[in-house]
Every structure is written in C-alpha cells, then in structure tokens.
Amino acid sequence: MSSSIGRGERRALVVGAGLTGASVARELADAGWNVVVHEATGLAGGLIRSATMEGIVYEPHGSHIFHTDDSEVWEYVNRFVRFNDYRHQVRIMIEGKLLHWPMSVGDIDAQSCPDDIRRELAERESVDSEARAMAANFEEWCLELMGPTLYARYVHPYTKKQWGREPRELRASWAPRRVQVRRDGDPYLFPDAHQGWPDGRQGYTDLIEGLLGHRRIRLVTESGVSYATLDGVSAEADARCVVLTCPLDAFSDFELGRLEWRGITVANVHLPHVELAQPAMVVNYPSLDYPFIRVHETKHASQQTCQGTVLGFEFSGAPTRHYPINLPENDALNVRYQELIRHRFQDRLAVYFAGRLANYVYIDMDDCVRQALDISCKIRDVDPLAKAA
C-alpha cells in the first residue's frame, strides 16, 4: 500500500488486518488520519480472505456469508466490492438423508419416528420464548424448543463435535440466533434484508484490499505487535492512538493466563470435472460417525461459471482461534486483559478494542464492521489522548 504519511498529523496504529482492523483503518483514513496497520501474518484479511485453486474461488477457512439488517453497514461494504444476491441455504445429513437446516417441520416425515417428533413439538408449543431464554444452559434451551428426538439427531452430536464439550456446559444466550424449528417452510438460514457474497474475482480478498487501498494507510505484514513492543511500534508510527483487534492473551504474553478458544481446520479439495458437488454451500454432518463437521462449497455463493469445484472439509478441535468459549471465567479474564492494557498505556496511548478477538465475542461480519464504524466515530476528530472507551 502506498502512503503519504507525514509528521504533525493525526495518526493511529491498528493491530490486526482482518475485517475489523481494515474497516477501522479505512474509516480513519477517510477522515484524514494517517494509519499504520500491523498484521502478524503475511497477508491481510484474516479468516475471511478468499483464495483460488485451479482458477476456482474458494474460502480456505470455511464459509462466510455477509448478511445484515444494518443498511449503513451494507452500503459501506458495497463501496469496496459489489455483493451479489446470494441467499444462504444449509443442508444437514440426518439418518442418511440431506434435510434442511434450520430444522423444518416439512422434513419430519422423511425421518424415523415422525409421530414422536410431532408429539414432542406439540407439547412445547405453549412454552414462550422468554421462558425458554431463562434456561440454565444450551441443552435445556434446545430441549425446551424441540424435544429429545430432534435434539439427539440434530444438535447434541454436532455441538459435541464443534465445541468439544457437552451442550449443558455451554450458555443458552447465543442459542436463539443459531437454533430454530421452522414451521413456515423458509429454506434460507438468515432473515436479514441484505445478503450476498462479493461479486468479484477474488471474493472477500477484494473487500479487504479495497478497504486498505487508501494513500493514508500503510500495511506492515509479518509484524506481530505485543504488550512488550507496543511502545516502540507506536513511537515509530508517531501514533498516540491504537486500536487492538488481536487476541489479548497472546498480545500480553499470557500474563494473566490463557483464554479458551475452539478452532477448526479445513481440508480443501479440487474436483476438476464436477460443476457442483453438493446441493448447498454448506452441508452439516452432526453424527459422530463422520470425522468432519461440515463440508463447504463456495461456488454456490460466488456463482462462478467454470468447470470444476472446490470442497472444504471442516474438522473441529484445531489449535486456532475461531470461536471464543463464552464461559463466565473466560469473559472475565478478557475484561481483566483489557483493563491491564489500558492501565499500562494510559499515560501515553489511547487504547481501543474492536472485533471478535479483542472483545472475545462470537459475532457476525456485519457486527465486526459496525464495531469498526462506531469505534472510528469515537476516535476521529477528537484529541488522540482522550480517554478510550
């Protein structure tokens, strides 16, 4: 990235060049700030960066669908790459058949024991959503929603594979966004008004490069910034404001302990003579009989017209940071890290935290962009040494 960064101007340092960091950098650059972005890896984009295999665009880290009801966010990302009209559908392998996810009452007759399923659903129709939200854990919430038969087929084994622990050990707070029983026949996963996938040759890479493609932004790759080096890096950039989008335990050299994350790895395979290999972009495999948890096929979303496709087989349990495990002790530890970092640099840097990693939250891409826009609004046009919120 080219840069016209000069001295005596408002300057910021952003640590992490994923979607959140790139959006913060662009917002500040558009507002007249000079921004240096440090990325620990060799490429910007983080987990949403797309790639190509034999000329086919695919997502090496699994599927990402941009969906939002936030019109400002939707218009913002479309400034940098136009999104197509893809609406996301997911299938799930149940008893050897590909059914719908979220689970649909229209698929009941395709399963064994359909009368038991209907009876269990009917028994729960009187449970209102507020009462269900008071469930002590994820397992209780799901059982109150669907009953034991559907829970045992769709949710329990999948959750064990994805999270590496029993569903009763997880919170129920995130369940309403992720688990539903559909009675209206709607085949699409998301209800949001705006949905799509980048309509460019490089997928999400076009979005990231568009965000960072500003003369006031300088990207530095293979540059891991830490608790110990932040003073020097910020001084070199002549920046008095820093936005951290990185994992705070690693940034702080694990001074207070390690945060728990659940990671995945995706094995991507090129199929040269198949137009599409599965009926949807994502197919879930909840049964413990399958070593993988999902299979991804980006071509459904990219709508690319060419021979061949790429399948991505997702395996859980990798030593990577994909999903925070939102137990009270983990959330409290991340808050302590934020307080530690703010206290350490309070006299010389205004420190802000944005995105999944730094805030230890499981949020969608539109929420990442919204956080970036809101943080940038707080920072710009104010004294860089003002107390960070």
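Analyst: Let's begin with a polar contact: a pair of N or O atoms within 3.5 Å, where, within protein, one must be able to donate a hydrogen and the other to accept it, and sequence-adjacent residues count only if both atoms are side-chain atoms. Asn84 gives us one, as a polar atom of its side chain lies 3.0 Å from the backbone nitrogen of Tyr86. Bear in mind that this is a predicted model, where local features need pLDDT of at least 70 and side-chain atom pairs 80 or more, while totals for chains, interfaces and linings use all residues. Numbering starts from 1 along each chain as its sequence is written, and side-chain values use heavy atoms, without hydrogens or water.

Where does Asn84 sit? Look in the loop between helix H2 (71–78) and S6 (helices are DSSP runs of H or I with at least four residues, strands are E runs of at least two, numbered from the N terminus). Asn84 has a relative accessible area of 8%, so it counts as buried (under 20%; exposed is over 50%, partly exposed in between, with a 1.4 Å probe and protein chains only). Beyond its neighbours within four places in sequence, Asn84 has contacts (heavy atoms within 4.5 Å) that include Trp197, Asp199 and Ser302.

From that loop, follow the chain into the sheet. Six strands form an open sheet with mixed pairing, in the order S7-S6-S14-S15-S16-S13 (strands pair if DSSP finds at least two bridges between them). S7 (97–101) and S13 (261–271) are the edges, each pairing on one side only.

Now find Phe292, in the loop between S14 and S15. Its ring centre is 5.3 Å from that of Phe313, with the planes at 75°, so this pair is edge-to-face (centres of Phe, Tyr or six-membered Trp rings within 6.5 Å; planes under 30 degrees apart are stacked, over 60 edge-to-face, the rest tilted). Phe313 belongs to S16, 21 residues away from Phe292. Are the two buried or partly exposed? Phe292 is buried at 15%, whereas Phe313 is partly exposed at 24%.
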